[in-house]
Amino acid sequence: MEHYLHYFIDHFGYIGIMVVLMLGIVGMPIPDELLLTYIGYRISTGSMSYPISFVFGFIGAIAGISISYYLGVKLGLPFLQKIGPKIHITEKRIEQTKALFAKLGPSVLFICYFIPGIRHLAAFLAGFNAYDRKKSMLYAYSGAFVWVFTFLTIGNYLGKNWIIIKQYMDEYRTFFMAVFILLICLLTIYWFYQQKKK
């Protein structure tokens with residue numbers, strides 16, 4: 001994996017980061033977190049710039065999530081069910097994402113980046129369900145900001161040990177998913193409480 005990422009970044013640089021993240025979020029089977037963590041490692045060696053990497057990574061993430069939203073608006077669920085199996089999006093993942101939307105609404109767009117399989121579907125289903133575009137993008141772009149920042153920083157901090165993030169992601173993914181969902185639930189309850197007081 002390191003060899004392929006090294007080759008890719010050397011040939012395509014910052015533009016490559018943007019394109020790959022955009023395609024990965026739209027639905028291509030690309031290890032986005034590993035790419036961002038590897039970029040963080042390259043930042044730690046001084047071969048790449050943190051601000052520039054962040055900007056291109058953020059642009060790629062919000063471009064991907066925006067494309068997914070508009071595909072949902074224009075093409076709808078039948079298209080996803082038809083094309084999904086070809087890009088490893090299963091019916092089970094679709095149902096899981098629907099269930100999250102039923103519980104959390106558009107706030108799923110914030111946490112979806114941290115849940116592989118869900119991030120490929122969340123914006124599409126938001127578009128299909130006609131969630132307000134401005135509100136959806138506010139959640140989605142905020143999530144993209146935090147996601148890109150988190151994995152670039154982890155890679156920068158870990159340095160040459162960046163690859164261990166894959167082990168932790170595989171081992172603790174369910175735990176982190178539960179923590180994010182709990183956090184969003186608490187924030188949502190707090191927001192409703194504040195609105196009620198007003």
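The model is predicted: local features need pLDDT of at least 70, side-chain atom pairs need pLDDT 80 or more, and totals for chains, interfaces and linings use all residues. Residues are numbered from 1 along each chain as its sequence is written, and side-chain values use heavy atoms, without hydrogens or water.

Start with the record. An unreviewed UniProt entry annotates residues 12-30, 50-71, 108-131, 138-155 and 175-193 as "transmembrane region". Such annotations may be inferred rather than shown by experiment, and their positions follow the numbering used here, with feature names shortened.

Take two of these stretches. Residues 50-71 are 100% helix and 0% strand, with end C-alpha atoms 31 Å apart. Residues 138-155 are also 100% helix and 0% strand, and there the end C-alpha atoms are 26 Å apart. Helices (H or I, at least four residues) and strands (E, at least two) are DSSP runs, numbered from the N terminus.

Now look at the rings. Rings of Phe, Tyr and Trp (its six-membered ring) pair if their centres lie within 6.5 Å; planes under 30 degrees apart are stacked, over 60 edge-to-face, the rest tilted. The count is 6 aromatic pairs. In one of them, the centres of Phe54 and Phe145 are 5.0 Å apart and the planes stand at 75 degrees, so this pair is edge-to-face. Phe54 sits in helix H3 (residues 50-83) and Phe145 in helix H7 (residues 133-158), 91 residues apart.

Phe58 and Phe145 also pair edge-to-face, at 6.0 Å and 80 degrees. Phe54, Phe58 and Phe145 form one aromatic cluster.
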